[in-house]
Structures are given as C-alpha cells and as structure tokens.
Amino acid sequence: MILQSGFQIRGIFLVMVSLAMVGCEAGGNDPGHVYFPDMMYSRAYETYTTNPNFGDGKTARKPVENTIPRGYTPYKYEDTREGYDSAGQHLTNPLKVTDHALNQGGKLYSIYCGVCHGPKGKGQGSIVKNGNYPAVPSYEQRLPKITEGNMFHSITYGRNLMGSYAEKLSYKQRWQVILYIQKLVKVGQFAEETDTASAKAQASTDTTNQE
Ligand code: HEC
C-alpha cells in the first residue's frame with residue numbers, strides 16, 4: 001500500500017513536470033501557454049491595423065490640424081532662397097551664452113558635425129581627410145559672410161551637400177551648436193571680444209606711437 005502510493009506520487013510528479021515542460025515550450029513567435037490572455041495580447045488596436053471606429057478605417061491617426069507636438073518650436077521660414085535670406089535678417093539666437101549651452105553645443109558638435117567640419121571647424125573632418133567626402137568649407141571663411149540666422153536655416157534644412165539636422169537636433173540644440181561654433185571661430189557674439197581686444201591693442205599702439 002505504501003509502495004503503491006509511492007508510485008502514485010511519483011506518477012503525479014512526472015505528469016506535472018512534463019506538463020510544465022510542455023507549457024514552457026515557447027519559441028519564435030509562439031509564446032507557449034498563455035494564462036492571462038488579456039495581459040499577453042493587448043486589447044488596444046495595433047498602429048497599422050484596420051479600425052472600425054474611424055471613418056477611414058485606419059488606426060494610425062494624423063495630428064489634429066493646427067496643433068504641434070509638446071516641446072516643438074515651429075520654424076516659419078521656408079526652404080527657399082528668400083527663406084534663407086529672411087532668416088538671415090530676422091532670426092537671432094534666443095539662448096544666453098552659458099557654460100551649459102556651450103558644453104552641450106560642443107558635445108552635439110562632436111557627435112554630428114565634427115566628422116565633416118573637423119574638430120576646429122576647418123573642414124578637415126575624418127571623412128573628408130580619408131577621401132570619402134568632398135571638401136567642406138572652413139567656418140573661418142564662410143561664417144563671417146553669413147549671420148546666425150543663416151546658420152540656423154542651413155542646419156534646419158541642410159545646404160547643398162550637407163543634410164538637414166532638424167530631425168536630430170531640437171530647436172534649442174541647434175542654437176547650442178551655433179553658439180559653440182561661433183565661439184570656436186570667434187564670430188557673432190564672440191567677435192566683439194576680439195574686436196574690443198584688438199581695438200584696445202590698436203589704441204594702445206596708437207598712444208605708444210603718439211608718445
Ligand atoms: C556630411 C558632412 C557634413 C556634416 C556632418 C555637417 N556638415 Fe555642415 N556643411 C557641409 C558642407 C559640404 C557645407 C557647405 C555647403 C554649401 O554651402 O555648399 C556645410 C556648411 C555648413 C554651414 C554654412 C551654411 C551656410 O549657410 O553657408 C554651417 C553653419 C554648417 N555647415 C553647420 C553644420 C553643423 C552645425 C553640423 C552638425 C549639426 C554640420 N554642419 C554637419 C557638410 C557637413
């Protein structure tokens with residue numbers, strides 16, 4: 001009797017183990033046995049499936065007209081020559097020069113721009129040097145001829161061989177990068193520092209001359 005129930009227990013145990021093993025037999029797209037189907041399978045409509053609740057039968061909805069995503073700043077200048085000129089005249093950097101902005105700008109610059117423009121902005125980035133990309137103009141030559149508004153416009157839409165960075169850098173990040181580049185090349189807000197410095201130097205030379 002004792003022997004028999006021992007066999008029985010062992011038998012039940014074996015059945016349980018094999019059931020458990022079968023239950024675990026998941027693989028690929030097969031999740032095995034599902035105990036809570038409503039947790040396993042979302043009851044919400046999948047993005048690209050049909051949906052009887054909407055007139056057009058689509059689950060993926062377009063944003064409501066005249067709305068923008070949270071945190072998104074619209075850009076009003078068009079991707080045209082006129083847009084470029086107009087941004088150049090009217091658009092200015094809303095950010096203050098801070099260590100934080102410059103640090104962020106520097107990080108973003110080395111991630112997104114340095115490969116072409118080079119660490120110092122001389123157009124000698126790694127892919128230009130190894131011959132995989134045509135020449136990139138140095139900032140020193142180009143930037144004194146354009147405004148920060150032009151820079152922002154070009155970074156937003158891209159320019160000739162350079163692609164757009166609107167998807168990669170937020171509005172604020174684009175301005176942070178611009179601050180960093182301006183400091184690097186001493187143009188824009190950073191030009192005054194040198195101008196005043198050289199004006200002072202000039203003035204002191206003048207006095208020396210007069211003396
Ligand atoms: C794949 C190479 C490449 C990368 C990466 C790149 N650029 Fe450029 N960039 C160029 C080239 C080429 C030009 C010259 C475009 C022209 O005027 O034909 C240029 C021009 C510019 C100009 C001058 C625009 C003008 O209006 O004349 C600015 C400012 C600039 N880049 C900023 C950036 C910033 C900021 C980044 C990173 C967010 C960046 N670039 C990333 C290739 C690149």
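Q: At what angle do the axes of H4 and H8 cross, and within what distance do they come?
A: In this predicted model, the axes of H4 and H8 cross at roughly 95° and come within 7 Å.

Q: Why are H4 and H8 called roughly perpendicular to each other?
A: The term is used for angles of 65 to 115 degrees. The crossing of H4 and H8 is at roughly 95°, and these two helices are therefore roughly perpendicular to each other. The contact is made by residues of H4 that include Leu102, Leu108, Tyr109 and Cys113, and by residues of H8 that include Val177, Leu179, Tyr180 and Ile181. By class, the contact of H4 with H8 has nine nonpolar residues, five polar ones and one charged one.

Q: What makes H7 largely enclosed by the rest of the structure?
A: A residue is buried if 20 or more other C-beta atoms lie within 10 Å of its own. Eight of the 10 residues of H7 are buried, so this helix is largely enclosed by the rest of the structure. The buried residues are Glu148, Gly149, Met151, Phe152, His153, Ile155, Thr156 and Tyr157, and what covers them includes H3 and H8. For the protein chain of 211 residues, buried residues make up 16%. Just after H7, Gly158 takes a positive phi of about 85°.

Q: Does Asn160 count as buried or exposed, and how do you know?
A: A residue with 12 or fewer C-beta neighbours is exposed. Asn160 has 6 C-beta neighbours inside 10 Å and therefore counts as exposed. Asn160 is found in the loop between H7 and helix H8 (171-185).

Q: Why does Lys186 count as partly exposed?
A: Partly exposed residues fall between the limit of 12 or fewer neighbours for exposed and that of 20 or more for buried. Lys186 has 18 C-beta neighbours inside 10 Å, and therefore counts as partly exposed. This residue is found in the loop between H8 and helix H9 (191-210). Lys168 has 13 C-beta neighbours inside 10 Å, so Lys168 also counts as partly exposed. Lys168 lies in the loop between H7 and H8, and its C-alpha atom is 9.7 Å from that of Thr156, although the two residues are 12 apart in sequence.

Q: What makes Thr47 count as exposed?
A: The limit for an exposed residue is 12 or fewer C-beta neighbours. Thr47 has 10 inside 10 Å, so Thr47 counts as exposed. This residue lies in the loop between helix H2 (37-40) and H3. Leaving aside residues up to four places away in sequence, Thr47 touches Thr59 and Ala60, and the C-alpha atoms of Thr47 and Thr59 are 5.5 Å apart.

Q: Which helix gives the most to the shell around the ligand?
A: H4 gives the most, with five residues, while H4 and H7 each supply at least two. Of the 21 residues around the ligand, Cys113, Cys116, Ser154, Asn160 and Met162 come nearest. By class, the shell has 15 nonpolar, four polar and two charged residues.

Technical notes:
Residues are numbered from 1 along each chain as its sequence is written. This is a predicted model: local features need pLDDT of at least 70, side-chain atom pairs count only at pLDDT 80 or more; totals for chains, interfaces and linings use all residues. Helices (H or I, at least four residues) and strands (E, at least two) are DSSP runs, numbered from the N terminus. A residue is near a molecule or strand if its C-beta atom, placed from the backbone, lies within 6 Å of it. Ala, Val, Leu, Ile, Met, Phe, Trp, Tyr, Cys and Pro count as nonpolar, Asp, Glu, Lys and Arg as charged, and the others, Gly among them, as polar. Two residues are in contact if their C-beta atoms, placed from the backbone, lie within 7 Å. Axes are lines fitted to C-alpha atoms, for helices over the stretch in contact, and angles run from 0 to 180 degrees between N-to-C directions. Angles under 35 degrees count as roughly parallel, over 145 as roughly antiparallel, 65 to 115 as roughly perpendicular and the rest as oblique.
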